[in-house]
Amino acid sequence: MLASCRISSTVGHLHKPDTLKTVFISGPYSSDPELNTSIAIRIWIELYDHGFAGFCPHLSYFCTLHKKLDYDEFMKHCTVWVSRCDYF
């Protein structure tokens, strides 16, 4: 339930576990967003099963069902995450 979700006001409560390596999942999207998102999700699951924390920008597909996202602006957002991941 969304109303019960709370975001901590202090960053101190957030911490990146040392045991999980982060992976930015990159791959085609625009040619077939639904299919490519499905493929990326399967890759995320594989990473999860092997102890990695995957970041899957393809999941933005579900956001685009509600709002059209500007490609260049979205790429800027992706770049931020690439720089924070251990692998890409």
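**Figure 1. Helices and strands along the chain.** Helices (H or I, at least four residues) and strands (E, at least two) are DSSP runs, numbered from the N terminus. This is a predicted model, and its chain has 3 helices and 2 strands. Starting at the N terminus, you can follow the elements in the order β-α-β-α-α. Of the 88 residues in the chain, 17% count as buried. Look also at how the chain meets itself: among contacts between residues at least 6 apart in sequence, 68% join residues at least 24 apart.

**Figure 2. The pair of strands E1 and E2.** Here residues 21-24 form strand E1 and residues 52-55 form strand E2, and the two pair in the parallel sense over 4 bridges. Within this pair, Thr22 stands opposite Ala53 of E2. To get from E1 to E2, the chain passes through helix H1 (residues 33-49), making a right-handed β-α-β crossover.

**Figure 3. The largest pocket.** Now let us turn to the open space in the model. The largest pocket has a volume of about 310 Å³. Its lining is made up of 18 residues, and those nearest the centre are Tyr29, Ser60, Tyr71, Phe74 and Met75. By class, the lining has 10 nonpolar, 6 polar and 2 charged residues.

**Figure 4. Helices at the largest pocket.** Which helices each supply at least two residues of the lining? They are helix H2 (60-64) and helix H3 (71-84). H3 gives the most to the lining, with 4 residues.

How values were computed
Residues are numbered from 1 along each chain as its sequence is written. This is a predicted model: local features need pLDDT of at least 70, side-chain atom pairs count only at pLDDT 80 or more; totals for chains, interfaces and linings use all residues. Side-chain values use heavy atoms; hydrogens and water are left out. Two strands pair if DSSP finds at least two bridges between them. A crossover is right-handed if, with the strands pointing away from the viewer, the path from the first strand over the helix to the second runs clockwise. On a 1 Å grid over the protein atoms alone, a cavity is a set of points where a 1.4 Å probe fits but cannot get out, and a pocket is an open set with protein on both sides within 12 Å along at least five of seven lines; lining residues have an atom within 4 Å of a point. Grid points are joined across faces, edges and corners, and a volume is the space filled by probe spheres set on the points. Ala, Val, Leu, Ile, Met, Phe, Trp, Tyr, Cys and Pro count as nonpolar, Asp, Glu, Lys and Arg as charged, and the others, Gly among them, as polar. Buried means under 20% relative accessible area, exposed over 50%, partly exposed in between (1.4 Å probe, protein chains only). Contact means heavy atoms within 4.5 Å.
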